[in-house]
Amino acid sequence: MGDKETSNHSEVTDFILIGFQVRPELHILLFLLFLLVYAMVLLGNVGMMTIIMTDPRLNTPMYFFLGNLSFIDLSYSSVIAPKAMINFWSESKSISFAGCVTQLFLFALFIVTEGFLLAAMAYDRFIAICNPLLYSVQMSTRLCIQLVAGSYFSSSYLCGWVRSILQISVTFSMSFCASRVDHVYCDSKSIEKISCSNTFMGKMVSLSLAVLIIFPTIVVIVVSYVYVVMTVLKIHSSKGRKKAFSTCSSHLGVVSLLYESVSFVYPIPPSNPELPKMVSVCYILVTPVLNTLMLRNKDVKNAMKKNPMKEKCYTLNVSPCLVFLASFMSYISFRLSLEE
């Protein structure tokens, strides 16, 4: 539909995802970078799930949660990455109206689910460190299944469905003046920018839903780790404290990476239009890769040693990820220097 002016959203049959505004020849480089990192997302997360399911030593509540985290990371990356890579080769760079709605809905759904699952993992660490003698009793198989099922279906999926439905209802009920979305995927903020309607209500709905959903999960995580820190500080031996903190370090790293990446997207000033896209790409593609690297603790490494092919795949994940980050940081610096 291009830049054709529209008076009502029902006339919009598709949107055009502008993506990164670079020279056409650089689209090949971007495609290769996306393909490389998405391949690492697939290898890392499928590998992690395979190791957890096949190694009896990892049949514990913590790894049960980590396996589900890998599944969610893989899911929300797969909602965005394949279409973004197709658009690097496509001249039209279009996505159907229904496809845009579906993409926004599923992405919001999986992000909300991950937040609730991280809260469940924080509770697991709280029980493991604060009540170690009762850990196997309190964190029973039944409770673990209930917590994960709650993350998927009751609490987070209910919240995710409500949040997603309200978000897309408000966003796509607006009238649109154009169909060119300045992003690599259907982002609600970018879609609001091409609306002819008053977007105040949409922004208030988005903010309210974010607070209502994110705040409870952050409270659970923070309260759990306050008790964890207080308990660890009471341990007299430095070796014991180090061992206790090591069981939480990977989870804290994943939590920090997710929330810092997401929170960084919104305060970015509009004078840098490419920077929000970069940050979005980082938490959609780079974060799932880094998660698999951070979650490689001693038990996972020992399990990988039993299968050299798995260990080789994980080792190959490290250097390309650093290359990707370095390339994109260079691109950001280049864009900012042009704006100056």
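Helices (H or I, at least four residues) and strands (E, at least two) are DSSP runs, numbered from the N terminus. Axes are lines fitted to C-alpha atoms, for helices over the stretch in contact, and angles run from 0 to 180 degrees between N-to-C directions.

The model is predicted: local features need pLDDT of at least 70, side-chain atom pairs count only at pLDDT 80 or more, and totals for chains, interfaces and linings use all residues. Numbering starts from 1 along each chain as its sequence is written, and side-chain values use heavy atoms, without hydrogens and water.

**Exercise 1.** State the strand order of the sheet and find its edges.

Step 1. The open sheet has 3 strands in the order β2-β1-β3, with mixed pairing. Two strands pair if DSSP finds at least two bridges between them.

Step 2. β2 (94–96) and β3 (180–181) each have a single partner strand, so one side of each lacks a neighbour in the sheet.

Step 3. β1 (residues 14–17) pairs with β3 in the parallel sense, over 2 bridges. Leucine 17 stands opposite valine 181 in β3.

**Exercise 2.** Describe how α3 and α7 pack.

Step 1. Helix α3 (residues 97–130) and helix α7 (residues 200–233) pack at about 20°, with axes 9 Å apart.

Step 2. The two helices are therefore roughly parallel (angles under 35 degrees).

**Exercise 3.** Name residues where α3 meets α7.

Step 1. Contact means heavy atoms within 4.5 Å.

Step 2. Among them are Phe116, Ala119 and Tyr123 in α3, and Ile213, Val220 and Tyr227 in α7.

Technical notes: Parallel < 35°, antiparallel > 145°, perpendicular 65-115°, else oblique.
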